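The following note is intended for a colleague who is meeting this model for the first time.

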Amino acid sequence: MKDQNLSLSNQTTPGWLASDSSDSLTVLSSRVRYARNLANYPFPTKATVDELEEILDMVSMAIKKEEAVNKFFLNIEPISIDKITPLQAEFLVERHLVSPDFLNRISKKKDSKATSPSGRAVFINQDETVSLMINEEDHLRFQVLSAGLNFSDSFKKLNDLDDSLESLLRFAYSPQYGFLTACPSNVGTALRASIMIHLPGLVLTKEIEKVLRAIWQIGYAVRGLYGEGTETRGYFFQISNTVCLGQSENEIIEGIEKVANQLIAHEEKARDYLTKHMKSEIEDKVFRAYAVLSAARLIASEEALNLLATVRLGVAIKIITNTSIATLNRIMFLLKPANLQVYYNQDMSPFERDEKRAALVRQILAENI
Amino acid sequence: MKKCSLCHKEEVVVVITTIDKDGKVVELSLCQDCAAKKGVGEIKKGKLNAQAILAELQDKITEEDHNLICINCGLSFADFRRYGRLGCEHCYESFQGRLQPIIKSIHNATQHMGKNVTEGKKKIAEKFEIKKLRVTLQNAITKEDYEKAAKIRDQIRKIRSEVK
């Protein structure tokens with residue numbers, strides 16, 4: 001293991017994180033994804049190993065050899081999920097480049113003995129903005145990630161990629177239900193648009209329940225950091241559309257943008273309230289968090305994330321001025337268990353991780369960037 | 001039968017997703033009485049999320065569900081209810097009558113309003129398919145797998161005849 005480079009990426013933190021616009025004070029990232037299936041092949045759960053490999057070949061060839069699609073993944077080789085270590089797999093999940101389900105699917109198959117785990121791969125572009133999973137729940141699932149609230153550019157890119165793929169591949173489609181997917185919850189546009197939003201103000205003013213409930217009622221789902229079935233942590237929430245059918249792609253994008261802007265407005269109001277009416281409490285909370293991060297010798301990833309989230313609030317409301325949102329975003333990714341091990345290029349025990357994590361946070365915060 | 005997550009006695013009639021005061025997402029499966037006490041009686045079937053709708057499908061799978069089978073991939077409707085995933089594109093026709101109400105309850109719509117597949121581009125897709133099959137054919141020949149090679153040759157012929 002020591003000789004092998006653990007990294008699947010040439011960057012210590014995702015390239016798309018680099019931009020630091022004012023929206024990033026609240027919205028960490030925006031993501032859009034399409035699900036597509038090839039016509040005349042069963043969906044992955046019903047496909048044989050031969051069929052899965054044929055699908056993988058077909059899509060890989062379109063991406064590697066055809067100019068129309070190739071520009072999205074210049075000089076990129078697909079990562080075969082069966083050939084990477086569990087640590088590398090976890091790294092990809094932490095970077096939001098593959099879904100936890102993409103990996104779970106494999107262990108399930110292994111147990112059932114029925115089919116060997118093959119035919120699954122992911123293409124990831126240089127700055128990690130575009131990734132395309134082959135043979136997840138659907139034959140193709142591709143996404144565009146960007147920092148802050150930015151659907152116009154990312155959706156255009158996603159749509160261009162879809163058009164290019166569609167010119168080469170025949171997708172399962174019906175005039176009534178649109179793009180056909182393994183789960184009926186994705187059918188239609190098969191477009192999922194989501195934001196990762198930081199709402200400490202609403203949590204601390206206890207307004208969060210009311211606000212999120214309202215969002216629910218108009219058809220949006222609220223989840224934790226890694227999507228479906230994961231818990232919310234560090235005041236981060238993932239909001240996404242649940243309706244894919246009966247609306248155009250543009251209407252879906254406009255809808256989530258509207259929700260995002262409403263949430264930003266509510267959050268700003270709450271932060272305003274905090275600075276005006278709960279000044280000492282918030283300052284105390286933020287400075288304590290900063291103090292622990294700057295002094296701890298051992299820190300677990302969950303504690304680090306929660307403290308960073310509090311410091312992030314402190315930076316946003318200008319209590320803390322000697323670090324930036326961009327730095328905190330970087331640290332957030334670096335401190336995740338697999339990312340940390342990849343960064344140091346070594347397998348570590350949980351104890352060693354807590355040690356290295358604490359040291360790395362102290363170092364980065366001391367650099368005052 | 002799933003029991004109510006509050007009283008642990010009665011059968012679940014409604015699953016609600018809610019957020020507690022710390023902003024944590026919690027799923028509650030409630031019986032009629034507990035739902036009424038929680039004040040969710042009125043929204044009983046109103047706003048279930050897709051997960052809840054799919055989870056609900058797992059209850060009371062009938063004989064009829066086992067006998068309803070997709071003509072193309074062989075998936076039974078019972079299996080769809082159990083795992084929440086369809087087997088192939090034709091499942092949508094095979095299960096049309098049963099699937100439509102589910103789709104309607106998730107999306108509140110039954111008609112696609114988004115982008116279409118472009119018919120004109122089909123020829124490029126077919127050309128690409130043939131190109132791809134030729135590579136596979138070459139590999140099969142190199143490996144002296146003539147059975148596979150013959151199959152691919154037939155596939156190429158079939159696509160060619162469709163293009164014309």
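**Notes on charged contacts and a sheet**

1. A:Asp354 and A:Arg357 both belong to helix α13 (residues 350-366) of chain A, where they are three residues apart, about one turn of the helix. Helices here are DSSP runs of H or I with at least four residues, strands are runs of E with at least two, and both are numbered from the N terminus. The two side chains form a salt bridge, with the closest N and O atoms 2.9 Å apart; the term denotes a side-chain nitrogen of Lys or Arg within 4 Å of a carboxyl oxygen of Asp or Glu. A:Asp354 is partly exposed at 22% relative accessibility, whereas A:Arg357 is buried at 1%. Buried means under 20% relative accessible area, exposed over 50%, and partly exposed in between (1.4 Å probe, protein chains only).

2. On the basis of the note: this is a predicted model, in which local features need pLDDT of at least 70 and side-chain atom pairs count only at pLDDT 80 or more, while totals for chains, interfaces and linings use all residues. Residues are numbered from 1 along each chain as its sequence is written, chains are lettered from A and ligands numbered from 1 in the order in which they are written, and side-chain values use heavy atoms, with hydrogens and water left out.

3. A:Lys210 is exposed at 58% relative accessibility, while A:Glu207 is partly exposed at 32%. Elsewhere, a network of salt bridges connects A:Glu136, A:Glu137, A:Asp138, A:Arg141 and B:Arg85.

4. Turning to the sheet, an open arrangement of eight strands in chain A runs in the order β2-β3-β4-β5-β1-β8-β10-β9, with antiparallel pairing. β2 and β9 (220-223) of chain A stand at the edges with a single partner strand each, so one side of each has no neighbour in the sheet. Two strands are said to pair if DSSP finds at least two bridges between them.

5. Why is strand β8 (residues 191-198) of chain A largely enclosed by the rest of the structure? Eight of its eight residues are buried, so the strand is largely enclosed. A:Leu191, A:Ala193, A:Ile195 and A:Ile197 point one way from β8(A), and A:Arg192, A:Ser194, A:Met196 and A:His198 point the other way.

6. The partners of β8(A) deserve a separate point. Strand β1 (residues 27-36) of chain A pairs with β8(A) in the antiparallel sense over seven bridges, and A:Val27 stands opposite A:Ile197. With strand β10 (residues 236-241) of chain A, β8(A) forms five bridges, again antiparallel; there A:Phe236 is the bridge partner of A:His198.

7. β1(A) also pairs with strand β5 (residues 140-147) of chain A, in the antiparallel sense and over eight bridges. In this pairing, A:Ser29 stands opposite A:Ala147.
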